[in-house]
Each structure stands twice: as C-alpha cells, then as structure tokens.
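Let's walk through this model together, starting with how the terms are set and then moving along the chain.

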Amino acid sequence: MTAEELEAARQEWQAELNQVEEEIQTLRQVLTSKSRRAHELKRKLGVTAWNEFTTDMGQGIKNVRESTAVQKIEETFTEIGSAVASAPIYQKTESAIKATAEKTTSLLGGIGSAMSQKIGALKNTDSFRSMEERVSSAVSSVKVHTKIGGSRSGSVQSFDDALREATGGEGGSKPNGTPTPVASPVTAEEKPLS
C-alpha cells in the first residue's frame with residue numbers, strides 16, 4: 001500500500017468512525033427517552049422498584065430451582081438422607097432418644113405429682129392451719145377496725161394491736177408492761193409504724 005492509498009484508507013476509516021459514534025449517540029438519546037417513558041408508565045401503573053426487584057428475584061430463584069444442577073443436588077441429598085435414616089446406627093440412636101424423652105417426661109410428671117401431694121399434705125398440717133387462721137383473723141380484724149374507725153390514717157389502734165387481739169394476745173410484754181409487737185415494720189429511721 002502506498003502512502004496515498006494509506007492516507008485515503010485512514011480518511012475513510014475516520015469518516016466511518018465518526019458516523020458510528022453519531023449513531024451511538026443517537027441510540028443513547030433514543031434509549032434515554034424510551035427509559036424515561038417506561039419509568040413514567042410504570043409510575044402511572046403503580047409499579048415500584050421494589051415490585052420489580054421482588055419479581056426479578058422470584059424469577060431468578062425459580063430459574064435456579066428448575067436448573068438441572070440443583071435438581072441433581074436435591075436428588076443426591078434425598079438419597080443421602082434415606083441412606084442415613086435406614087442405617088442401623090441411626091435407628092439405634094433414634095430409639096434411644098425416644099426412650100430417653102419418654103423417661104424424662106414420666107420422671108418430670110412424677111415429680112410434679114409428688115410436689116402436688118406434698119403441698120396438699122402441708123395444707124393439712126396443724127401448723128399450716130393455725131397460721132392460716134391467724135392470718136385470716138388478723139385480716140378480718142383489720143377490715144372490721146378500718147370500717148369502724150374510718151381511714152388508716154385516723155385509726156387509733158395499730159396493726160400490731162389488731163393482730164395481737166386476733167391471735168389472742170400472743171405477743172408477750174416488755175418489763176414496763178407495754179406489749180411486745182408480734183411483727184413490726186420499720187422505716188428508714190428504725191421507728192415502728194403505727
């Protein structure tokens with residue numbers, strides 16, 4: 001090729017390159033315009049980017065699941081699972097776990113039953129009945145006293161006195177003759193409440 005032919009070919013190539021770049025630019029403008037129009041139509045139809053994404057993901061997952069590679073993997077895992085489940089060691093382990101679960105269930109049920117019986121027996125003891133009677137009479141005494149004397153703040157008798165009356169005066173007394181409280185709540189200053 002001579003220099004003149006080479007120069008003519010270069011000019012021809014340059015012209016073709018210019019034409020291809022113009023076509024590319026035109027196609028980009030058309031693509032941008034079409035993309036904007038598609039976006040407007042989707043917005044009018046209520047199609048969001050999230051809807052598109054979920055649809056695309058769903059389709060992608062469906063395609064993967066339907067692929068032959070995934071189906072072969074599923075078949076292989078199914079065969080392995082069947083082989084493991086039918087193996088004697090698995091059968092022994094499964095039966096041992098079932099037996100242990102049954103024994104544990106019956107043991108826990110037995111413990112619950114025994115505790116219920118013990119609590120029932122405790123309720124029938126003299127000590128429990130005596131304590132129950134004392135608390136019940138003290139509560140009813142306080143209720144009666146509150147109804148007669150008005151509000152708690154205006155009461156003349158303390159809870160300790162009411163409790164002592166209800167339990168038959170079992171509180172003892174101090175050497176100076178004042179009764180010893182059976183149960184006395186104290187404040188931060190260590191003073192009994194009245």
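A residue counts as buried under 20% relative accessible area, exposed over 50%, and partly exposed in between (1.4 Å probe, protein chains only). Keep in mind that this is a predicted model, where local features need pLDDT of at least 70, side-chain atom pairs count only at pLDDT 80 or more, and totals for chains, interfaces and linings use all residues. Residues are numbered from 1 along each chain as its sequence is written, and side-chain values use heavy atoms, with hydrogens and water left out.

Start at Trp50, which is exposed because its relative accessible area is 59%. Phe53, at 43%, is partly exposed. Both sit in helix H2 (residues 49-66), three residues apart, or about one turn of the helix. Helices here are DSSP runs of H or I with at least four residues, numbered from the N terminus.

The structure has one aromatic pair. Trp50 and Phe53 make it, and the pair is tilted, at 5.5 Å centre to centre with 35° between the planes. For the cut-offs, rings of Phe, Tyr and Trp (its six-membered ring) pair if their centres lie within 6.5 Å; planes under 30 degrees apart are stacked, over 60 edge-to-face, and the rest tilted.

Now follow the chain to a nonpolar surface patch: Ile73, Phe77, Ile80, Val84, Ile89 and Tyr90, with about 610 Å² of accessible area together. Patch residues have over 30% relative accessible area and no salt bridge, and nonpolar side chains (Val, Leu, Ile, Met, Phe, Trp, Tyr) are joined within 5 Å. Helix H3 (68-86) and helix H4 (88-123) each supply at least two of the residues, with H3 giving the most, four. Ile89 belongs to H4 and is exposed, since its relative accessible area is 64%.

Note on methods: Patch = residues over 30% accessible without salt bridge, like charges linked within 9 Å, V, L, I, M, F, W, Y side chains within 5 Å. Areas by Shrake-Rupley, 256 points an atom, 1.4 Å probe, with all protein chains shown as cover. Salt bridge = Lys/Arg side-chain N within 4 Å of Asp/Glu carboxyl O.
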